[in-house]
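Here's a quick walk through one model, with the cut-offs spelled out along the way. Have the viewer open while you read.

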Amino acid sequence: LDMPESVLVRFKGKLQPGVTLRDLVNAIPLYAIKQGLLTVAKQGKKNIFSGRVLEIEGLPDLKVEQAFELSDASAERSAAGCSVFLNKEPIIEYINSNIVMLKWMIANGYEDERTLGRRIKAMEAWLADPKLLEPDADAEYAAIIEIDLADVHEPIVACPNDPDDVKTLSEVAGAKIDEVFIGSCMTNIGHFRAASKLLEGKRDIPVKLWVAPPTKMDATQLTEEGHYGVFGTAGARTEMPGCSLCMGNQAQVREGATVMSTSTRNFPNRLGKNTNVYLGSAELAAICSKLGRIPTKDEYMADMGVINKSGDQIYQYLNFDKIADYKDVADVIEV
């Protein structure tokens with residue numbers, strides 16, 4: 001109680017080729033372990049994040065959907081909350097999109113209209129005078145963890161069955177994988193486009209692949225773009241949008257399976273009875289599904305070449321203010 005209530009994670013430099021935001025999620029506990037701020041062992045466990053706010057700096061141009069991937073994982077650190085410092089531009093873009101989506105929801109009978117209307121007005125008021133919270137120049141932190149992105153040059157995964165037990169790809173390469181899950185609120189539409197790109201032309205992959213976009217809007221867009229066809233050809237089981245395997249309440253993997261998952265956490269028995277679950281990026285998960293094992297760094301980087309070439313098209317998000325089906329409806333709604 002005598003210590004400051006925030007932990008600052010400061011990223012420096014540029015994201016390296018083949019490295020994803022999910023790898024940065026796992027880099028946070030990795031670097032905390034290196035600094036002696038976090039331990040994996042349960043007995044006498046040390047966790048600097050527990051009950052504190054995780055503040056993340058150094059990635060100001062992320063889209064809000066990308067920033068959520070970092071903040072969502074703060075729960076696995078047992079943090080009380082998380083903030084990601086962004087520039088105004090991606091936030092303005094996101095709010096303009098959400099205003100249109102909320103108006104579309106009102107037009108389609110979603111409740112409560114008054115609540116949605118108040119939210120729209122609050123968003124419009126902020127857009128008229130956009131101001132962001134910033135840390136005080138003399139802010140004190142319980143700890144500062146600096147991560148040089150030049151040093152993160154390969155994927156980082158959480159090993160079975162603890163989100164704190166993180167290792168580099170090189171340390172876990174070759175491990176056999178029985179099933180793969182690409183889904184949960186840690187994913188967005190860009191992840192599924194990337195997975196589809198990596199699975200193009202594949203048939204009869206050697207694992208059971210589960211695919212579950214987080215929202216119906218994502219699923220609709222992915223279907224229109226032909227990605228569901230790619231997943232189907234590869235033999236994937238496409239689940240209804242939502243939590244799916246992540247919560248284990250819609251389906252489960254087979255007992256005793258070893259799984260590469262993009263889900264939020266890998267606690268024992270969460271995805272299925274007596275399972276061993278790794279946590280990694282959608283891109284790594286898709287490559288695992290083709291090989292039936294965790295790839296080497298060289299194999300991973302070779303496959304990721306196709307993603308690096310077309311990343312701008314792959315990692316686009318649903319801006320509802322630019323989608324006619326939503327915008328045309330929203331234009332006639334007054335709040």
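## Salt bridges

K197 is partly exposed, since its relative accessible area is 29%; buried means under 20%, exposed over 50% and partly exposed in between, using a 1.4 Å probe and protein chains only. Its salt-bridge partner is E200, with the closest N and O atoms 3.9 Å apart. A salt bridge here is a side-chain nitrogen of Lys or Arg within 4 Å of a carboxyl oxygen of Asp or Glu. E200 comes out as partly exposed too, at 47% relative accessibility.

In total the structure holds 19 salt bridges. In one of them, the side chains of K12 and E146 meet at 3.6 Å, N to O. K12 sits in strand 1 and E146 in strand 4, so this pair ties together parts that are 134 residues apart in sequence. K12 counts as partly exposed at 37% relative accessibility, and E146 is partly exposed at 37%. Then there's E76 with R265, whose closest N and O atoms are 2.4 Å apart. That pair links distant parts of the chain, 189 residues apart: E76 is in the loop between helix 2 (64-72) and strand 3 (81-84), R265 in the loop between strand 10 (258-261) and strand 11 (276-279). E76 is buried, with a relative accessible area of 7%.

## What you're looking at

This is a predicted model, so local features need pLDDT of at least 70 and side-chain atom pairs count only at pLDDT 80 or more, while totals for chains, interfaces and linings use all residues. Residues are numbered from 1 along each chain as its sequence is written, and side-chain values use heavy atoms, leaving out hydrogens and water.

## Strand 1 and its partners

Strand 1 (residues 6-12) is mostly covered, with five of its seven residues buried. Helices (H or I, at least four residues) and strands (E, at least two) are DSSP runs, numbered from the N terminus. Strand 1 runs parallel to strand 2 (residues 53-57), and five bridges join them; two strands pair if DSSP finds at least two bridges between them. V9 stands opposite I56 in strand 2. To get from strand 1 to strand 2 the chain passes through helix 1 (residues 21-34), and this β-α-β crossover is right-handed. That label means that, with the strands pointing away from the viewer, the path from the first strand over the helix to the second runs clockwise.

Strand 4 (residues 143-148) is also parallel to strand 1, joined to it by six bridges. Here L8 stands opposite I144.

## The nonpolar core

The largest nonpolar core has 103 residues, and F11, L24, I145, I147, V180, I182 and M260 have the most contacts inside it. Such a core is a set of buried Ala, Val, Leu, Ile, Met, Phe, Trp, Tyr and Cys residues joined through side-chain atoms within 4.5 Å. Helix 3 (residues 88-107) supplies the largest share of this core, nine residues.

Beyond its neighbours within four places in sequence, I145 is in contact (heavy atoms within 4.5 Å) with residues including V7, L8, V9, Y31, L37 and F49.

## Aromatic pairs

There are four aromatic pairs. W104 and Y326 have ring centres 4.9 Å apart and planes at 50°, so the pair is tilted. For reference, rings of Phe, Tyr and Trp (its six-membered ring) pair if their centres lie within 6.5 Å; planes under 30 degrees apart count as stacked, over 60 as edge-to-face and the rest as tilted. W104 is in helix 3 and Y326 in helix 12 (residues 324-330), 222 residues apart. Y326 counts as buried at 13% relative accessibility. W104, Y110, F320 and Y326 form one aromatic cluster.
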